[in-house]
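Here are a few exercises to work through with the model open in your viewer. Try each one before reading its solution.

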Amino acid sequence: MGQLSESVARQRELAAELVSGCRAAGTTHAFGVPGGGSNLEVVGAVEAHGMRFVLVHGETAGAIMAGVTGELTGAPGLCVATRGPGAASAVNGAAQALLDRQPMILVTDSVGHEERSRVSHQRLAQQSLLGSVTKASVVLDGADPAAAARVVGLALAAPPGPVHVELDPGASAGAALPGVVDRRDDSAARDAAVRLLRAARRPVVVAGVGAIAQLPEARRALTAALDELGRGAHVPVLTTYKARGITPDAAPWSAGVVTGATIESPALDAADLIVGVGLDPVELVPAPWPYPAPVVLLGAWPIDDSTYFGEQLTVEVVGAPAELVRFAAAGAQSTWPATAGGAFRAQAVAEVLAAAPEAACALTPQHVVTIAREVAPQGTIATVDAGAHMFAAMHLWEVAAPGELLISSGLATMGFALPAAIAAALVRPELSVVCFTGDGGLGMVLAELETLARLHLPVVVVVFNDSALSLIAVKQQPDGQGGADAVSYRATDFAAIARGCGLDAARVKDVDGYRAAITTALARRTPTLIDAEVDPACYGPLLDTIRGQRR
């Protein structure tokens with residue numbers, strides 16, 4: 001009994017060291033489903049350090065919440081999971097943080113080193129399992145007093161991402177943390193980028209996840225640098241899904257959204273130089289890069305895990321994005337008219353709005369997004385799930401700053417939007433949040449409606465309800481492989497489920513009903529679900545408009 005008590009006391013010390021390091025970096029919340037063992041020591045340390053622990057229903061959702069808090073605040077999010085099933089359930093959430101470049105620390109309980117010879121229950125090779133979806137999987141054993149601080153530093157180092165941690169005072173391996181390497185190109189690469197930009201007459205900037213995967217002050221500095229370039233040289237700025245807001249949509253140089261598809265082609269086909277600022281191919285559709293102009297990449301980390309841009313990649317410079325933009329743009333000249341960027345964006349928005357079947361649906365995805373944007377206060381955060389509805393949401397939800405539109409872009413996982421909305425409402429309590437999700441994605445995290453109700457957060461969940469995996473249904477055409485059974489669900493009354501969880505709720509089928517419901521919900525600022533019946537026939541034209549050959 002004395003040995004056990006000593007072990008628990010040491011676990012408590014390790015938990016306090018880790019949580020203290022997170023708190024010093026700015027972490028305010030922890031999420032998860034605790035089991036026994038070191039989990040409870042971490043939860044206790046969270047409370048002792050003035051942070052808030054949020055109990056959730058699933059570890060995937062908890063890890064997504066932690067990742068989103070990391071994205072919004074620049075401080076590492078914290079997630080707690082028990083060993084075995086909890087660790088396995090957290091895998092998808094950790095992968096989300098890895099590929100969407102979000103700083104996060106996932107702490108799991110484990111079968112301690114001293115018990116492994118006699119315990120097989122719930123014992124998995126968790127370091128192997130989670131090491132594949134994190135930047136590192138380490139054991140804190142207390143041998144290195146600086147290990148906890150280095151875990152935090154690794155989560156924040158470019159590219160930011162998740163680190164998996166186990167607390168095991170009896171371990172002998174210690175904290176096998178990889179070093180953080182400062183990989184900055186030399187002055188020759190910078191000079192080459194400057195020469196290319198000065199020679200270009202129709203350069204186009206494409207900002208990506210690396211533009212927002214920084215501390216808030218660094219994001220603001222980059223926005224200012226891009227504004228200087230846009231205002232001074234009229235250079236159009238396209239943004240990926242993750243980078244929405246790094247240039248305000250209202251800016252005359254804001255040219256719209258890029259995914260590697262076709263709707264952005266008018267701007268990129270006309271470019272004689274494409275300047276990627278924090279552009280990471282993890283976000284782009286997995287198809288050949290179609291644009292012939294040379295590509296210059298300016299970012300906080302090197303792109304060394306793919307050859308996505310092929311021969312078009314001419315120069316890559318690694319460093320602080322705002323500093324690189326100002327350096328590379330010195331003396332930049334272009335022949336773009338001052339209104340070029342805005343004209344490209346307006347054209348794309350018009351095409352998305354027009355992409356509806358000839359016999360217009362009573363309630364289209366475009367209606368759902370544009371009406372919400374019209375009635376929601378400025379600064380309202382929208383979270384978007386993977387699925388067909390995201391094409392309308394990502395193009396039509398206007399933003400003024402980073403963090404106003406959140407999506408899983410690198411991993412592109414379903415089940416993201418509701419946990420992300422909960423996290424956003426916790427770290428930005430003064431703002432309203434609208435959660436756009438499909439019936440498929442909501443079904444994956446349905447229990448978190450209770451979490452939303454229990455926390456009483458000002459989130460309006462809008463379900464695009466068509467009883468189908470509509471994006472996959474569109475991709476089935478024209479062969480129809482798998483048939484309806486592969487993509488269809490039974491019609492579900494999500495409003496009834498939401499009421500059962502303690503939310504206000506409404507079912508709507510037309511524009512007038514939807515407008516009334518969302519206006520009321522936003523004014524009330526209480527947890528609300530709107531079950532919006534949309535016609536899936538609307539999605540085919542929308543996908544054709546944005547991706548052309550339905551890639």
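**Exercise 1.** Work out how many residues of β7 are buried.

Start with the cut-off: buried means under 20% relative accessible area, with a 1.4 Å probe and protein chains only. Strands are DSSP runs of E, at least two residues, and helices are runs of H or I, at least four, both numbered from the N terminus. In this predicted model, local features need pLDDT of at least 70, side-chain atom pairs count only at pLDDT 80 or more, and totals for chains, interfaces and linings use all residues. Residues are numbered from 1 along each chain as its sequence is written, and side-chain values use heavy atoms, leaving out hydrogens and water. Now count: 5 of the 5 residues of β7 are buried, so the rest of the structure largely encloses this strand.

**Exercise 2.** Find which strands pair with β7.

Pairing takes at least two DSSP bridges. β10 runs parallel to β7 over 5 bridges, with V204 opposite I274. β8 (residues 237-239) is also parallel, through 3 bridges, and there A207 faces T239.

**Exercise 3.** List what L268 touches beyond four places in sequence.

How values were computed: Contact means heavy atoms within 4.5 Å. Buried means under 20% relative accessible area, exposed over 50%, partly exposed in between (1.4 Å probe, protein chains only).
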